[in-house]
Amino acid sequence: MAAEQMADTGDEPGRAADPASVPPARPLDAVDRDILRILRTDGRASIRSVAERVHVSRANAYARINRLVEDGVIRGFGARIDHERAGQGASAYITLKIVQNSWRTVREQLQALPGATHIALVSGDFDVLLLVHTPDNRALRELVLTRIQSIPEVLSTRTLLVFEETDLGPLPDRPAELA
């Protein structure tokens, strides 16, 4: 399988690598984009299956996937989780206003939070958008009021409960546009 045959990059899936350690990405051609589409749909696809579907040799597919990993285009391999079925029944987007120039410090602390699955520095009325999944509302309340609001650089938070979510990850019948 592709994920098993790839060298360990040391990064957790979905976590951005240190930009200084990643070489500049080389341009992607149509075969690279097709490989990315296949792996986004099925990260467990075998090298043989990928090679057959993009009409290249297994050695070529393996080399291309390795290059995409080394270039930081592929940041890792993971599973899409149904958080509710996995015991994480409460989800929320939390907006944060933070002290100017404290992004790196705040990001480090947010990454360490249990249930944090996405963190973004954004523009607009707030500075950070954080997606969390917790077992229940009590755990969510504890996370926001005790952990997040105790970070000195966090000036304010706003919690938006998620009532229902739909994963828009790539599906076999929906093309994934990759430039």
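Helix α6, formed by residues 137-148, lies across strands β1, β3 and β4, and runs at about 165° to β4. The sheet that these strands belong to is an open one of 4 strands, in the order β2-β3-β1-β4, and the pairing is antiparallel. The two edges are taken by β2 (116-121) and β4 (154-162); each has a single partner strand, so one side of each is left without a neighbour in the sheet. On average, neighbouring strands are turned by 20° against each other, direction being ignored.

Strand β1 covers residues 90-98 and is joined to β4 by 8 bridges in the antiparallel sense. Within this part of the sheet, Y93 stands opposite L160, a residue of β4. A further helix, α5 (residues 103-111), also packs on the sheet, where it touches β1, β2 and β3 (128-134); the direction of α5 makes about 170° with that of β2.

In α3, which spans residues 47-54, the buried residues include I47, V50, A51 and V54. Viewed down the axis of α3, its buried residues fall within an arc of 100°, so they line one face of the helix. Just after α3 comes H55, whose phi is positive, at about 65°.

Helix α4 has 13 residues (58-70), and the distance from its first C-alpha to its last is 18 Å, close to the 18 Å expected at 1.5 Å a residue. Its buried residues include A61, R64, I65, N66, R67, L68 and V69. The buried residues of α4 pack against α2 (30-41) and against α3. Just after α4, G72 takes a positive phi of about 80°.

There remains the matter of confidence. The average pLDDT of the chain is 85, and 81% of the residues score at least 70. Over residues 1-17, however, pLDDT stays under 50; for this stretch the model has 34 contacts beyond four places in sequence. Where pLDDT is low, the predicted coordinates should not be read in detail.

Terms used
Residues are numbered from 1 along each chain as its sequence is written. This is a predicted model: local features need pLDDT of at least 70, side-chain atom pairs count only at pLDDT 80 or more; totals for chains, interfaces and linings use all residues. Side-chain values use heavy atoms; hydrogens and water are left out. Two strands pair if DSSP finds at least two bridges between them. Axes are lines fitted to C-alpha atoms, for helices over the stretch in contact, and angles run from 0 to 180 degrees between N-to-C directions. Contact means heavy atoms within 4.5 Å. Buried means under 20% relative accessible area, exposed over 50%, partly exposed in between (1.4 Å probe, protein chains only). The arc is that of the directions from the helix axis to the C-beta atoms. The expected span of a helix is 1.5 Å times one less than its number of residues. pLDDT is the predictor's confidence in each residue, from 0 to 100.
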